[in-house]
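Here is a short walk through one structure. Keep the 3D view open while you read.

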Amino acid sequence: MRSSYTSSYWYPLVGTAVLVMSGQAMAETVKWEALSANEQAVLKPFAAQWSAFPENKQQSLRRWAAKSPEERARIKQRYADWKQLPAPRQAQVSHQLKRYKEMPPAKRAKIKAWHRWVKTLPSAEQKKLREVWSTLGEAERKAYMQTLRQRYGG
C-alpha cells in the first residue's frame, strides 16, 4: 500500500518539478531583439530559429559572434580542413585532443611553448621536423632537438 501511495504522489511531484525547471531553462534564453547589432549581423542566418535554440546553443553562438572576423574565418578554414581529413585521421586527432585536454595545465603550457618555439624555426626546418619526427625514437628525438636548439637557440 505504501508504494502506491508514494508513486501516486511522487511521480506527479517530480513531473511538475521537471516542467518548472525546464521553464526556468527556457526563461534563460535571450530574445533576438536583446542581441547587440553586431551579434544580430553575425548571427542573421539563425534569426528565424533563434527563439527555439536552447540557452547553451545561444551562448555558444554569441561567443562565436564576439570573435573577430579574422578569427571566425580562421576557424571556418580549420573546420573545412578537418572535414577533408579521412575518418581514421579525424578519430586520431580527436583522441589526441582529448588526451591534451586531460593533461595537467603545466604540461599543456610546456607543449604550447614547444609549438611556439617550433614556429620560430625556418620553414624548411619545420617541414623537415614534421617529416622525420614520427620516425624517430625517444633518444633520437632528444638528440635531434638538441641539435636544433644549438643551431637556432631556445
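The paragraphs below take up a pocket, then aromatic pairs, then one glutamine.

This is a predicted model. Start with its largest pocket, which has a volume of about 2200 Å³. Its lining counts 33 residues. Gln96, Tyr100, Ile111, Trp114 and His115 lie nearest the centre. Which elements give two or more residues to this lining? They are α4 (69-84), α5 (87-102), α6 (105-120), α7 (123-133) and α8 (138-152). Helix α6 gives the most, with 9 residues. By type, the lining divides into 14 nonpolar, 5 polar and 14 charged residues.

Now turn to the aromatic rings. The whole structure holds 5 aromatic pairs. In one of them, Trp114 and Trp117 are tilted, with 6.0 Å from centre to centre and 35 degrees between the planes. The two sit 3 residues apart in helix α6, so about one helical turn separates them. Are these tryptophans buried or partly exposed? Trp114 counts as partly exposed because its relative accessibility is 25%. Trp117 has 15%, so Trp117 counts as buried; the cut-off for buried is under 20%.

Finally, look at Gln126 in helix α7. Its relative accessibility is 18%, so Gln126 counts as buried.

How values were computed. Residues are numbered from 1 along each chain as its sequence is written. This is a predicted model: local features need pLDDT of at least 70, side-chain atom pairs count only at pLDDT 80 or more; totals for chains, interfaces and linings use all residues. Side-chain values use heavy atoms; hydrogens and water are left out. On a 1 Å grid over the protein atoms alone, a cavity is a set of points where a 1.4 Å probe fits but cannot get out, and a pocket is an open set with protein on both sides within 12 Å along at least five of seven lines; lining residues have an atom within 4 Å of a point. Grid points are joined across faces, edges and corners, and a volume is the space filled by probe spheres set on the points. Helices (H or I, at least four residues) and strands (E, at least two) are DSSP runs, numbered from the N terminus. Ala, Val, Leu, Ile, Met, Phe, Trp, Tyr, Cys and Pro count as nonpolar, Asp, Glu, Lys and Arg as charged, and the others, Gly among them, as polar. Buried means under 20% relative accessible area, exposed over 50%, partly exposed in between (1.4 Å probe, protein chains only). Rings of Phe, Tyr and Trp (its six-membered ring) pair if their centres lie within 6.5 Å; planes under 30 degrees apart count as stacked, over 60 as edge-to-face and the rest as tilted.
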